[in-house]
Every structure is written in structure tokens, then in C-alpha cells.
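Me: I have a structure open and want to go through it. Can you take my questions one at a time?

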Amino acid sequence: MNLNEEVELLKGVPILAKIEPAKLKLLAFTSERMNFVEGQEICHQGDPGDAMYVILGGVADVLIDTPAGQIQVSEMNKNDFFGEIAILCDVPRTATIKAREPLNTLKISKDTFYRMVGEFPQMAIEIMRELAHRVEDTNKKLREATANNKAA
Amino acid sequence: MQRNLFTYIWRHSRPEQIVILGLVVLAQVFYFLSLTVPKAVINDGIQGNAFKDSKTIPFLVFEFDLSAILPGKVIRIFDGFQVDQLGYLVTMSFVFLGAVIVNGLFKKTINTQKGRMGERMLRRLRYELYERILRFPPAHFRKVKQAELATMIKDEVEPLGGFIGDAFVQPMFLGGQALTAILFIMLQNWLLGIVVIVLLGVQMAIVPRLRRPVLVLGRQRQITARQLAGRIAETADGVHEIHIHGAANYERADIAERLGRIFKIRFDLYQKKFVAKFWNNILSQATPFAIYLVGGYFAITGQMDVGAVVGVLLAYKDLPSPIKELLDWDQQRQDVQIKYEQVIDQFQPEGMMPETLQALPDGPPPPLGRELALAGITVSEDGRVKQLDSVSMVLPTCSKLAVIGGSSSGKDVLGQVLARLTMPSAGSIKIDGNDFFQLPEYVLGSRTAYIGQETYLFPLSVRDNLLFGLKNRPVAPATYDDALKDEREAFWKESVRAGNPALDPNADWIDYELAGATGPADLLPCMVDVLKQVELDEDIYALGLRGTIDQAARPDLTERILKARHAMHGRLQDPSYAGLVETFTADRYNRNLSVAENILFGTPLGKDFAGDNIAVDPYMQSVLRATGIDLDLQRVGLTIAETMVELFSGLSPDNPLFEQYSFISADELPNVRLLLQRLGGKGIDAVPEADRPRLMTLPFRYIEARHRLGLIDAAMEERLLAARHAFASGLPESLRGAVEFYDFERYNSAATLQDNILFGRLVYGQAQGEQRIGTLTSEVLNKLGLHNSVIEVGLEYNVGVGGKRLTATQRQKLGIARALIKRPQLMIVNEAVASFDGRTQDRIRDNILATAKKDDRGIVWIASRPAQAEPFEQIVVMQGGRIAAHGAPSDLAAKGGLYAELMASA
């Protein structure tokens, strides 16, 4: 997979979707391709995070520690991305991600990400827009849940 | 040191000065001959005056004329040759030539002798000054600036060397000439002579007086220039502070002010100098004026004939030049005397260490002694604030003692006093009854160790820094072959003549016994052991993997590294390591190497193929043309250029992404963009010849696996491989030494150890690839017993100026290791681990304490955190420069008080 194909994939990532292709290309070029073998952890819950990942190929499990042990809460496929929360607000990783099969990712480091955002404020606005949508989405769900609770 | 330069010169160069003086006197004979012979040539040889009576005259008659004692008695030993006029002319001409040559030889010899003597004295002076720096009291370094010391030894004493040769010879020689001329004038007319002497006396009295302000200004010039040197060094030392605080303009103001002051001094100097010159000229012309006036008067009144007046004038003609030179010499004398005083004043601070403390030991150092007794130790710089206040204690040299206290408790000063870095203003320290401060430095240096909060490393290898403390005396002389031996002997003889010690830095200075080794062979385990104690071994191992070994120097080691390569490749066959390493294979393109590395398929030696040079090398270009891929590579270059312009155009030039990722620097990008615009998509054929080299460098840096632009496809790989083979097979003889090819069966001296073991590259983007291969490498090397050898290579790593190529933690660890390797009888650790993280602090403390207990050696641990004191046998609690409590931890805990307070706060 070469740079242009990676850019195509990045276009499918929601928070990056509205950014111009030239900038995405720079983001891809300055990011590192990282391959994981089956069973390898991409990140571990509780560790500090320094990069976000976009899955270019393969499947990964999302695992969360519970008092009863680690449980799988979902899985991630091509085009999915994770780790953006850790690099945006400096919180430890909220889940463990483990490769279920050979996994091919693009690793966007925190430094690169911030340098890009600093250089192109438009990118920051696009990301803000995406995050605002998410907040709105969560609020909506919360309202519905509260309404359901009251109804019940 | 003598304050008078002349006394100093005379004392150290008396025999040489006398020899030179003798030579000068002897030279006068030949000088006189070279003046009289022309007269004989003209009168007798050409005009034939001596041949008026006979055709031939005797030549080279050798006789003693004793007629003064016995009238008419002449003893003739040799009657001489009979020569005719032509023969006489020829002979005398050759005599003249001979006299000129001899005269020239004398001049040459005298000047050489003077030069050598001057240089010798300069060497002696410089050495003595440097030697004094080594004996300065430690506190003095808080007052002097290092750059000023360097300027003084390097520049300020330099003019002295030129003067020393003339110091005695010049005045005697010139004075003699002047006296002869004056004597001649006196013989013509004593009155006129007296007039001349009086006028000369006035000149000699006034001119130096006029020159005095010049000398005073000269002294100021010297001091201000020295301070300027100091300030410039300060700027370099504090450059980070200047940037951080934005104080650059304040610094500019300061320097401009200083330069202004220097300008004023220098300009004043010019003015005063030319005023002095003016009066000098007037006064020197006053004498002929007097001769004309007085001599003329005598001639008119008939008291003196005209011929005598002319004679006096002619004699006077010879007088001004020696007088002027004498005056110049005198000025120079005063000038260098001032310079000399200025310099040596800076080199005799109070409290210099006596020379005996630094005498060269003639054998292994004696043991330190059993017990230090401190009595009433007080440290105070100004007499009021006491950093230590009457500290008394008995400290067995084998005690395991911790000192705790607040930050101004004086605990660190106590450590410095025990290392003799700070001199107490009152009180005494006795070691087994003898004065601790009279203990020779080498005993202290080899039997005790001190580590402070900061470690200075010399810009040498890690190894040299680590072994620095073992070099107290030459243990074994260096071995030289016969030719070199004579050269060295002559070198040392000269050293002794100039008052320098005949010590050989090439000798083996390492005291192996001190480190617990028997010789060079078993020193490595000792070094590794101390590196382990301070947890620096893995860092040095990593440096070793990045280092190189010269196969010619270590054939045994490279042989074993080759074994490791084989073992490594055996292990890499394991499927779990699949895809982590791409090996160097002669007939396969390596996607994790750059295009340059792929074509070269080896390591460049020298400049021909290093860096971007490979793209413009004529041989490389001819290979590319022959294999027909030069245009294709340029096309790749064009694509890279287009991509870079597309990617980086919007970025500000100082964005770090540029430096990290762009193929084209921020400065160059606009030019490339302009080039692409001119091309307008017309392709490689339209690129002007002048721009091609620039495009050519781009593909050479391209690594397919890393940059992922998809530019090297399978077909291109094949063609690049063809270029690789063509490059190797056609390499001309002259370039054989410019590249060392990869060969699985041979060690590559130019490549790093890591490359040699791995014989391949880590594949980009394999998660944990580097760590896993690192672990595997370590395992393989351990199995072959090569781990220490890699550390040995790492020990050769140069630490850079002030150790800046190591991290602060590594520097400090190396400092501790340097102390530990001496196995000191008493080790003072003065908050030396404070910069490490808490757990590392404790581990290193435990390591040090454990070895000390094992060998029954002493430790004084001045703790940055009170909790560190816990495992020590004795604890001293300090407060306000005094000992507040002293005892075993359990006793102190039982008593409570300050100890409990400190422990609770930790």
C-alpha cells in the first residue's frame, strides 16, 4: 500500500474526513506505518498514550479490564481509528487494543498531529466540528436515556 | 617566581646568554674583516698600490713582531706565497667572499641561538604558569575566568619569547657601538664630545619619560583585552540563559561598551605614541644642530680645524641608529616587564599548594590511614557567615556513615572539606596524627574518592574518562623502536632544558593494581563491574553496537563477531522473527535501504560516496548511464520533487516536520517550486543540465519501505540491481578504497557493530521489532561471550566537550564509576545521586554500600533525601553548620529530635 492509497483510507476516518487531501497526504507521509502480528497489543489500558492509529487492514479486539478480568467489548476493522482521546486530552488509554489477526496500521504520533494542527488551523476546526457532533450525539442519547428512565 | 623579568631570564638562561655574547664578540672580528678587505681589494688589487715596487708580493706571511720588546726582533714562521697583482685580486676577492659567508653564518647561528633560547624560555614560562594553575587553591577558581587564564598563557606571554633573545645581547652590542662613536668624537674635540654627551643624556632622560604614558595605556590595553576574552567565553557558556531570557541585546550593549573602551585606549595609545616619536625625532636632530653651531664656531674662531668638525659629524652619523635602537630596546624592555608582571601577578594567589604535595610518586600509593580526626573545623568565607561551625568528630576511614540535614545545614561543605576542595578557615584534620592537608595529592587521589553533584568529563573516550583516576604516575614506560627512541630521548632532553618534566603521556599510566587487575588484559571485567554497579553497562553496550572495530587492529574480535552474525541468522530463521529484518543479499533489492545504499551495497569510506556526494560522483554517473537508468532515476527525482512541493509548500519553513521528513530543505523548496513551474509538466527531458544534479540527489535518499511513494517497482528494482553489479565489477583501482562492500563471509570495518551482526536492516513499521531484535542480539552475543567485547567498543565512544554527548544522568553515572574503579579506601558521595529517580538512587546506593562492606572500605554518604541514610551504620545529623546528632540509626531514632523530624519529612 503506497501513500496515495493510505490517503484514500484516511479520507474515510470521520475526524479527518473534511480535511483537504493534500494535508492528509502530508499527515500520511509524516506518519509511520506500523504492523502488528496476531496477539500483539497496540496499546494497553492505563498506559499513557502518545499516538493515534488508523487501521489499514486486519481486525483488532477492544478489551476492557473489569474486576472480573479482561472482557472484549467490541472489535475494530479497516478504516476504524482509535487513540485520539489519549492524544487530545492526555488521559491514559481507556482500553486495550489487541491484534486478532495480522494488523496493518498508520501510527500518527502526538507530535506530528499537533504540528499539523498548529500549521493548518482549518484542520483544527474540522476536528472541533467532528467532536462537537459527537458531544451532540452523546447528549441526544443521554436525553433519550433520561426520558426512557422517567417513562419507566 | 621572580617579579623582575631580567632576574628570571638571567637565572634560567645564563650559560646560553654568555655563549651568544661570545659569538657576537667573535662575529665582530669577521664583520671588521668584511669591511677592511674591500679597501685592500680596491687599493692593492685593482689600483695596484702594493705592486708599484715589485711584480709580486708575499701573501699569507706568518710572523711574530716582537720589536716592541726586543727591537728589530721578528720571528718569521712562514714566508708566504708570492702572488702577482691578478692573483692577489682573485685571492682577496675570495677572501672577501669567505668573510661575507662566515659573517652570514655567524649571523645565522646567533639568530638561531637567540631564537632557541627565547622559545625555550617561553616554554619554561608557559609551563610554570600552567603548573601553577594546577596548584591554585580550589577556591581561587571561583574568582578567575578560565578564558582569561588561557589568554594569559597563550597570548600575553608570547612577546616575551621574542624579547628574551635580545634581553642582554642587544644593549651590550648597541652600547658598545655607541660608546666607540662617542669615544671617537671625544678624541677629536673633548668639548664637542661633552656637548654630544649632554644632548644624548637629555634624549635618554626625556624620551623614556614621554613613553611612560604609552606603557601605562599598554597595560590597560592588555587588561581590557583579557577581560574581553573572558566575556566572550561567558557568552558561550551562558548562551542558553541569554536566549531563554531574551537578553541578547543587553549582552550586545555590554560588549559594545567594552569595545568602545578598548578603542579609546588604543586610540590614546596611538596619539601618545606619535607625540613621543615627534619629540624623539626633534631631539635626535638637536645633536647635529649643536655640532654645526658649536663646531662651526670653533672652526671660524680657529680653535678646531674644519676636517675635525667633518670627522665628528661623520662619527655622529653612526651614533643615532644604535641610540635609537637602544631606546627602542628600553621601551620593549619596559613593555615586556609590565606584561610579565601583569601575568605573574595573576598566578600567585594566596594559599597555593606547595609543590611537594604534587610530587611524582615513585611507587604504589601507601594506604590512607585508619582514622580521620576533625577538630573545630570552621568554614567561613567572610568571617561572619559560617558554613561549618566548629565541627569535631572522629571518622574511621572504614566507616559507613551517612550525613543528613537540611539544604543549608553544611553537610555538602563537610563533604568538600573531606575531599580538600574547601579549605577550613579554622580547625584541623589529622589522619592518624598527621596533618590531613599535608597528605600528598596522589595518596588522596588514589585512596579516597569524591563525587559531587556535577561531574566534569574530559572530551575523551568513555574509557579514558573512566580510568582517569588511575593515572597517578607512569606505571610502565612506552615501548619505542630504536629510531623513535632516540627521537624521544632528544625530546625529553630538550624538555628538561626548558624546565619541563620529562614525563611521557604515551607511557602506561594506568595503575591496574588500584582497580584490582593485574594488567591490561584483565582490566575489562573490572570496568564492566563498576559500570554495572552504576547501571551504565547497558548504555555503553548500546553505544558499542553503534561503534566500529578496525579489523586490522582486532582480527580476533572481528572473527568472533562474524560467528555472531552466523548465529544471529540461524536464530532469525525462527518464524517468530519473520519479517523483522531484511538481510543484505547481493542479488536482491533491499526495500529498507536507500537507493544509494542499494547501488553501493556497502559502506562508504572517505568522502567519495558519502552523503549526497554519491549522486554527483563521476564514476557513479558513468555506471548509471551505462546501465541506462540515469534518466529514470532523474524522473524519480522529479516525482519526489513534485511530491515534496505538494506536501510541504504550505508549511512554515521552521516547522520541525521539514527537517524530519522533507527531502528538500525549507530554503531550497522555493527554487525547486520555480523549477517545476518553468517545466510546466514537460517531463525530465526539459530539465536544464544545471538542475539535474539537484534532482539526482533526491532518489538516492529514497527508502521505499519508509517513504512509501511507490516509486521503486519490481522492474526498477531489477535495473537498480543491475547497476549495483555494474558498479562493483567496474570499480576502478583508484576508488577501491572508497567503499567496503557487504559480504556475508567478511567483516566490514566501516560499518557499525550492529550492522555487522545483523547484516541487514530492521524492517520499517514492525511493532516491537527493534526491541525484539535487540534482545535477540544480546542473547546471541552473551552466548558467544561477546557482551563485554561490545562494551569494550562502547568504551571508545567520545563523550564530547564536557561530556555533552552523554545525557546528564549518564555523565553522573560515569563520574561515580570513575570513583568506584579506584576501589577507594574512603569514598565521599556528596549528593551525587540526587539527579536520578528515587528507585535508581536507592539501587546505586545499595550497590556501592554492598561492595564497600565486602572489601571493608569506608563511605561518607551525604544524603540528598534523609531516607537514603537508613542502611548506614552511623548517621550524622547536621543543622546550621554544626553536628546536631551522631550515632547509630536505632539510637538516633530512640532519641527522636531532629533525626526523627527529618526522617518523618522524607
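Predicted model: local features only at pLDDT ≥ 70, side-chain atom pairs only at ≥ 80, totals over all residues.

Me: ok, how many residues line the second largest pocket, and which lie nearest its centre?

Reply: The lining has 44 residues, and B:Leu762, B:Gln768, B:Gly769, B:Glu770 and B:Gln771 lie nearest the centre. The volume of this pocket is about 1,000 Å³.

Me: which element gives the most to that lining?

Reply: Helix H29 of chain B, with 7 residues. The elements that give two or more residues also include S1 and S2 of chain A, as well as H17, H28 and S14 of chain B.

Me: and how do the lining residues divide into nonpolar, polar and charged?

Reply: 18 are nonpolar, 14 are polar and 12 are charged.

Me: switching topic. What order do the strands of the open sheet in chain A come in?

Reply: The order of the 4 strands is S2-S7-S4-S5, with antiparallel pairing.

Me: why is one side of S2 and of S5 left without a neighbour?

Reply: Because S2 (41-43) and S5 (69-76) of chain A stand at the edges of the sheet, each has a single partner strand. On average, neighbouring strands in this sheet are turned by 35° against each other, direction ignored.

Me: how many bridges join S4 to S7 in chain A?

Reply: There are 4, between residues 60-66 of S4 and residues 96-99 of S7. One of the bridge pairs is A:Leu63 with A:Thr96 in S7.

Conventions: Residues numbered from 1 in each chain as written. Chains lettered and ligands numbered in written order. Heavy atoms only, no water. Pairing = 2+ DSSP bridges. Axes fitted to C-alpha atoms, helices over the stretch in contact; angles between N-to-C directions. 1 Å grid on protein atoms, 1.4 Å probe; cavity = no way out; pocket = protein on both sides within 12 Å on 5 of 7 lines; lining within 4 Å. Points joined across faces, edges and corners; volume = space filled by probe spheres on them. Nonpolar A, V, L, I, M, F, W, Y, C, P; charged D, E, K, R; others polar.
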